[in-house]
Amino acid sequence: MDSNTVFTKNLPNLWKDYETRKEQLEMATAVESAFSLGKNLVVEAGTGVGKSLAYLIPSALYSLENETTVVVSTETKSLQDQLLYKDIPLVSEALGVEIKAMVALGANNYLCKRKYGKVIDRGDFGVEMEATIGHFTTWENKTETGIRSEYDGFISNPFWASVARESDNCLGRNCPNFSSSYYFLEKEKWKKTNILIVNHHLLASHLANDFKILPPFSHLVIDEAHVFPEIIGKAFGSEIRHDLILNSLHFLHFPEKKSGLVLKLKNQEKIKTAVENSLGYLNDFFRLLLSAIPLQFQFSKRHTERIKLDDGALENSLAEIVNLLDSLTSVYKKDSEDNEEKEIALGLEMVANNFKKTSSFLSDFRRKTNPNLVFWIEPPSQTAKDPYYLLFSQPKNTDEILSETLFPNMESVVMTSATISPTPGNFQYFTKEIGTSDIVTKTLSSPFSYKTHSLLFVPKNIADPTTDPNRNKIDLSYWIARLLTISEGDAFVLFTSNKLLNEIYDDLSAKLPFPILPQTKLGPIQAKKEFLNTPNAVLFGVSSFWQGVDIKGDKLRNVIVTKLPFQVPTEPVLQAKMEDMERSGKSPFWEMQVPKTCLLLRQGFGRLIRSSSDTGMVSILDPRIHTKSYGKNVIMSLPKGVPLVTDFEELRRKFDNLPRS
């Protein structure tokens, strides 16, 4: 059996209303070919192509024929649920055989029996859990998975952190609970699946941890692929905090409380002295940092210069502790018959690995020896008890990471999204981000009729957001109010910042006859829920509503984009990339910012038409589309055929004549 047979015969026999879509069949054939020939493939498949079935069916067929697992990675949980509960059962029915599929979760989603037993024995589960710990214990005795999301009661975050599995605090096969471990039992099930569904963060962690998290696989599908390079960069980044280093030092030796792992060790005095020295150096380092680098509160600051600070005293003292702990590996072993010795060995290993990474980070931070690492500093939150700066690093370029880790270890990678290229068919921006040109590319247009079902409104007589300081209170509020009257609510208003959203909300909330739901006050989940359940509602949203939100029908007929979504060039990693481009004689604005803006705008436009019967209008309240040379790039990035309107009364007439869902 091949994909063509399934789409042209099996599916039509299952669905009376099913119509074979040439774009869907074309994508399925391309995925099937990529898997069989060991090729990499990028497919930009417009909304309505039906891309999930187009990659699931060839993936399932390949898995069955080769007795191997195909991994499918997504960004959002909603798509994971769709694949697991809707699409894969349909694939099983179409193929006439059960397709085994699971969602793999990260380690901290699972209860660790060893840690849980220690917490219960000590009775230190926290005051907030006293009333519900009995209910939790009952659940623990019954659960087969130990997954947090399956527990129906209250769990405090500190309690879950104390009982959840941690990858660096695990005895693995040396644990007395290994044979009944929720996490490792789940991992055994992952190995037996045809389709293993993961999210991008777990896949990125798998790559960052030398492919040790997921079971072996060689064929991978990455859906919602446009965000994957950014997530990869963050997974390979690091964070250093005063309180985390302090906690690790106190775990070894807490002088004031006369406690810590050191009390169970031989060679106690040397380790005690080393820890006490490090505690002093720790405070010195972060105090010197406070005085050496002034920060504005709430803003990050990229750090590019070599810096003296403590001349390496803290990093050297942590390295000394690592040497002392490493010398004990022959004394304390994780495979010992004695459980206490196992715990000691694990604790030593955990702290040593932590301090190795911290010492290396601090050295790179001071000396700036790695040109591909971007360093920045952030102030603590206003509610933080610890007053010290937070330190971060992240690789500048994801292309090197993916070209060195992902592609050499895969036989075939399929990457797909409705919006991958800034303009349809232009894959250069994306292939540069993923670090390979050895890839087949394919563009499949949406089958939806944007020409008859949608409108694009860009007024000319509106203030430029870069030059008019009064635009927000005057022009934006005026145009948003007018546009909402056309659709009588049922709209998304998309902002590029929380500050702007709050300003317009404060100005309009009491003036409009429609319920306004601000994401900044309700959060994204509650805002979407109330929007769906409230007649004529208007949702004010920021980044999370520009993409990945799927609302079909007349409930959403109006999308208003308040400003072209150019990235802020002060973001540290973006800033570093732009400087590299300038040094090489390239234009970061044209080669990075304009393409990224077009991508985000395409995603924002994509909120409007989610099915063949959807209709509505998208307004962009930014005159730079008319006045700047990159305006034509913006227009070219949007769906082909959508009518452009610049006059408000013409917009009203044409909107009233659109078909209704």
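**View 1. Helix α19 of the predicted model has a buried side and an exposed side**. In α19, which spans residues 498-508, the buried residues are Leu500, Leu501, Ile504, Tyr505, Asp507 and Leu508. Seen down the axis of α19, these buried residues fall within an arc of 165°, and they therefore line one face of the helix. An α-helix has 3.6 residues a turn, so residues three or four places apart point the same way. Lys499 and Asp506 are exposed, and they are carried by the face of α19 that is turned away from its buried side.

**View 2. Seven strands form an open sheet with parallel pairing**. The strands follow one another in the order β14-β15-β13-β16-β17-β12-β18. At the edges stand β14 (516-518) and β18 (644-645), each of which pairs on one side only. Helix α19 packs on this sheet, where α19 touches β14 and β15 (538-541), and the direction of α19 makes about 150° with that of β15. Helix α21, made of residues 524-533, also packs on the sheet and touches β13, β14 and β15, its direction making about 165° with that of β15.

**View 3. Strand β13 pairs in the parallel sense with β15** **and with β16**. Four bridges link β13 to β15, and within this pairing alanine 491 stands opposite valine 538 of β15. Strand β13, residues 491-494, is likewise joined to β16 over four bridges. On the β16 side, alanine 491 stands opposite asparagine 558, while valine 493 stands opposite isoleucine 560. Ala491 and Val493 point one way from β13, whereas Phe492 and Leu494 point the other way, and all of these residues are buried.

**View 4. Strand β17 is mostly covered, with five of its five residues buried**. The strand comprises residues 616-620; Gly616, Val618 and Ile620 point one way from β17, and Met617 and Ser619 point the other way. Strand β12 (residues 454-457) pairs with β17 in the parallel sense over four bridges, and in this pairing methionine 617 of β17 is the bridge partner of leucine 455. Strand β16 (residues 558-561) also runs parallel to β17 and is joined to it by four bridges, with isoleucine 560 standing opposite serine 619 of β17.

**View 5. Four strands form an open sheet with antiparallel pairing**. The order of the strands is β6-β9-β8-β7, and the edge strands, each pairing on one side only, are β6 (238-241) and β7 (301-303). From one strand to the next, the twist averages 25°. Strand β7 and strand β8 (residues 373-378) run antiparallel and are joined by three bridges, and the bridge partner of histidine 303 in β8 is phenylalanine 375.

**View 6. Helices α11 and α12 pack against each other at an angle of about 170°**. The axes of α11 (residues 242-252) and α12 (residues 268-292) lie 10 Å apart, and the two helices are roughly antiparallel to each other. Helix α11 contributes His242, Ile245, Leu246, Leu249, His250 and Leu252 to the contact, and helix α12 contributes Val275, Ser278, Leu279, Leu282, Asn283 and Phe286. Sorted by class, the contact of α11 with α12 has eight nonpolar residues, four polar residues and no charged residues.

**View 7. Valine 31 lies in helix α2** **and serine 52 in helix α3**. Valine 31, within the helix of residues 22-37, has a relative accessibility of 0% and therefore counts as buried. Leaving aside neighbours within four places in sequence, valine 31 is in contact with Leu41, Ala54, Tyr55, Pro58 and Val414. Valine 31 and lysine 9 are separated by 22 residues in sequence and, from C-alpha to C-alpha, by 19 Å in space. Serine 52, within the helix of residues 51-66, is also buried, with a relative accessible area of 10%. Not counting residues up to four places away in sequence, serine 52 touches Gln82, Leu83 and Asp87.

Conventions. Residues numbered from 1 in each chain as written. Predicted model: local features only at pLDDT ≥ 70, side-chain atom pairs only at ≥ 80, totals over all residues. Heavy atoms only, no water. Axes fitted to C-alpha atoms, helices over the stretch in contact; angles between N-to-C directions. Parallel < 35°, antiparallel > 145°, perpendicular 65-115°, else oblique. Contact = heavy atoms within 4.5 Å. Nonpolar A, V, L, I, M, F, W, Y, C, P; charged D, E, K, R; others polar. Buried < 20%, exposed > 50% of the residue type's maximum accessible area, 1.4 Å probe, protein only. Pairing = 2+ DSSP bridges. Arc of directions from axis to C-beta.
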